[in-house]
Amino acid sequence: MNQDAYQLREAFVAHEYLAPDAAEVLAVARVRARRYRRRRRAAQGAGGAVLGAGLVAGTVAAPGWLNATSNRHSGSSLSLAAPAPQPTPTPLTTPSALASPAAVASPSPLTSAQQDQAISAYFAAGYDYNDALALAQLWHMSADPSTIKAEAGRRLLAGQTLPFKPSAAGVASAAEDADLNAYFAAGYTYEDAVGLAQLWNISDPYQAKIDAGGKLLAGATLPLKPGSQPTAPTVATSDSDSAAASADDGAVAAFFKSGYTYDDAVTLGKIWKIDDTYQVKIDAGQKLMAGQTLPIKP
Amino acid sequence: VTFEQFTSTRLPGLLRYAVVLTGDRELAQDVVQEVLARAQVKWRQIDRADSPDAYVRRMVVNEYLSWRRSWAVRNVRAVGERLDAIGDARASQRDHAQSVVDADDLWARLATLPRKQRAVLVLRYYEQLDDVAIADLLDCAPATVRSNASKALKNLRLTSEQQTRVHEKELT
């Protein structure tokens with residue numbers, strides 16, 4: 001190991017202690033996962049009809065996806081697990097939007113400012129990183145994701161449509177981005193969000209940032225001044241999160257106490273179409289606690 | 001492996017990785033929260049991967065590289081704070097080991113790097129991945145990885161020299 005490598009590793013390891021609290025991170029992640037699940041169900045409910053048409057149209061592009069994927073990964077000796085890019089199962093907007101190498105061509109050179117503008121347009125339209133990976137495969141482009149985002153953004157600014165609509169998560173994050181940008185642009189910090197969450201009785205500071213940003217965009221003032229909260233006062237939030245986690249734990253305990261097992265949770269997940277087995281245990285436990293019966297016996 | 005088993009064994013390491021990657025405690029927290037929320041929703045798919053841990057770490061890198069929410073604002077503020085803090089530390093705790101000061105100094109300079117350059121250094125020197133593996137992770141060519149690493153090291157040295165020059169100027 002040369003001197004640079006040694007010094008860098010020393011610097012990295014010496015600051016591992018800054019890692020956030022695992023319990024707090026997990027509690028907020030669980031709250032957020034529930035929200036995403038709700039959104040996904042809502043999106044699935046609302047988009048079921050057009051999804052069918054989209055899947056039919058999607059078969060036209062499927063060989064391109066498959067070929068690109070198999071070409072890229074054939075012969076790879078890497079041990080790292082590579083998440084498959086998420087080809088979003090949303091409808092193709094127009095037939096002309098279908099990927100074809102001739103129609104796509106290579107990205108036009110953009111200046112730095114144009115590239116920033118294009119990338120902003122890309123995110124503003126609700127597309128995200130996974131969408132860029134999907135576009136790269138669809139367009140048979142090997143450029144880095146930023147270049148793909150810039151090219152896609154350039155097309156959007158030119159009034160063109162992309163081969164698929166933004167993923168649900170992207171749409172949600174684009175809508176939230178405006179709120180979050182407004183929140184931080186006003187000088188508010190994470191600590192302020194914790195304070196606001198406390199005032200508004202919200203368990204998730206992230207949600208407080210979004211709500212606060214929305215209020216600011218609507219011209220309202222917030223009950224706290226920017227930067228008015230001391231650093232790292234996360235105790236109250238942890239309490240709220242702990243309360244939520246504790247309720248979940250109670251439901252999970254009720255699930256197991258009734259004689260159900262992990263395998264039962266997997267089966268229930270299939271019946272209820274929920275991927276997350278932990279959430280299944282919570283839902284099932286809550287039903288049992290409410291005196292209801294489950295579709296399968298322990 | 002269930003999501004709960006994964007988090008009970010891997011989360012502390014994942015958080016250390018995230019804070020080293022981002023250089024910012026709050027950003028690391030935001031990034032990992034976001035990644036875990038998404039991972040929990042599609043855990044069955046992740047569990048089918050050869051290595052769920054590598055999959056989630058990849059999600060963390062991608063999330064960090066595509067994170068746009070106020071990152072620049074927060075980062076500039078954080079670097080300023082860190083540099084001030086280092087200055088204070090130097091003034092008040094001169095008996096600290098030089099290696100600790102050097103590590104803090106280098107940490108502050110790392111915070112000035114573009115995200116991709118920093119990610120390459122973290123993956124190469126903290127995660128100890130080779131350039132081909134990093135290229136696969138970042139979805140770019142190995143030559144791009146080498147270029148980013150080279151630029152990052154050059155930037156770090158330049159910053160160090162500039163700081164030394166400023167310090168010498170102040171002394172004279």
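The model is predicted: local features need pLDDT of at least 70, side-chain atom pairs count only at pLDDT 80 or more, and totals for chains, interfaces and linings use all residues. Residues are numbered from 1 along each chain as its sequence is written, chains are lettered from A and ligands numbered from 1 in the order in which they are written, and side-chain values use heavy atoms, with hydrogens and water left out.

Start with chain A. It has twelve helices and zero strands. Here helices (H or I, at least four residues) and strands (E, at least two) are DSSP runs, numbered from the N terminus. The order of elements from the N terminus is α-α-α-α-α-α-α-α-α-α-α-α. Chain A holds 298 residues, and 42% of them are buried. Buried means under 20% relative accessible area, exposed means over 50%, and partly exposed lies in between (1.4 Å probe, protein chains only). Contacts mean heavy atoms within 4.5 Å. Of the contacts in chain A between residues at least 6 apart in sequence, 74% join residues at least 24 apart.

Now turn to the interface. Chain A brings 64 residues to the contact and chain B brings 59 residues. Together the two chains bury about 5,800 Å², with 61% of it on carbon and sulfur atoms. Buried area is the accessible area (1.4 Å probe) that two parts lose on being put together, summed over both.

Eight residue pairs are in polar contact between chain A and chain B, both residues at pLDDT 80 or more. Helix H2 (residues 22–73) of chain A gives the most to the side of chain A that touches chain B, with 13 residues. That side of chain A divides into 35 nonpolar, eight polar and 21 charged residues. A polar contact is a pair of N or O atoms within 3.5 Å; within protein, one must be able to donate a hydrogen and the other to accept it, and residues adjacent in sequence count only if both atoms are side-chain atoms. Ala, Val, Leu, Ile, Met, Phe, Trp, Tyr, Cys and Pro count as nonpolar, Asp, Glu, Lys and Arg as charged, and the others, Gly among them, as polar.

Salt bridges also cross the interface. A salt bridge is a side-chain nitrogen of Lys or Arg within 4 Å of a carboxyl oxygen of Asp or Glu. Four are found between chain A and chain B. One salt bridge joins B:Arg157 to A:Asp4 (2.3 Å, N to O). A network of salt bridges links A:Arg32, B:Glu34, B:Arg38 and B:Glu63.

Over all chains the count is 14 salt bridges. B:Arg10 and B:Asp53 form a salt bridge (3.6 Å, N to O). B:Arg10 lies in helix H1 (residues 3–22) of chain B and B:Asp53 in helix H4 (residues 52–66) of chain B, so the pair ties together parts that are 43 residues apart in sequence. B:Arg10 is partly exposed at 41% relative accessible area, whereas B:Asp53 is buried at 15%.

B:Glu127 and B:Arg57 form a salt bridge, with the closest N and O atoms 2.9 Å apart. This pair links distant parts of the chain, 70 residues apart: B:Glu127 sits in the loop between helix H7 (115–126) and helix H8 (131–138) of chain B, and B:Arg57 in helix H4 of chain B. B:Glu127 is partly exposed at 23% relative accessible area, and B:Arg57 is buried at 17%.
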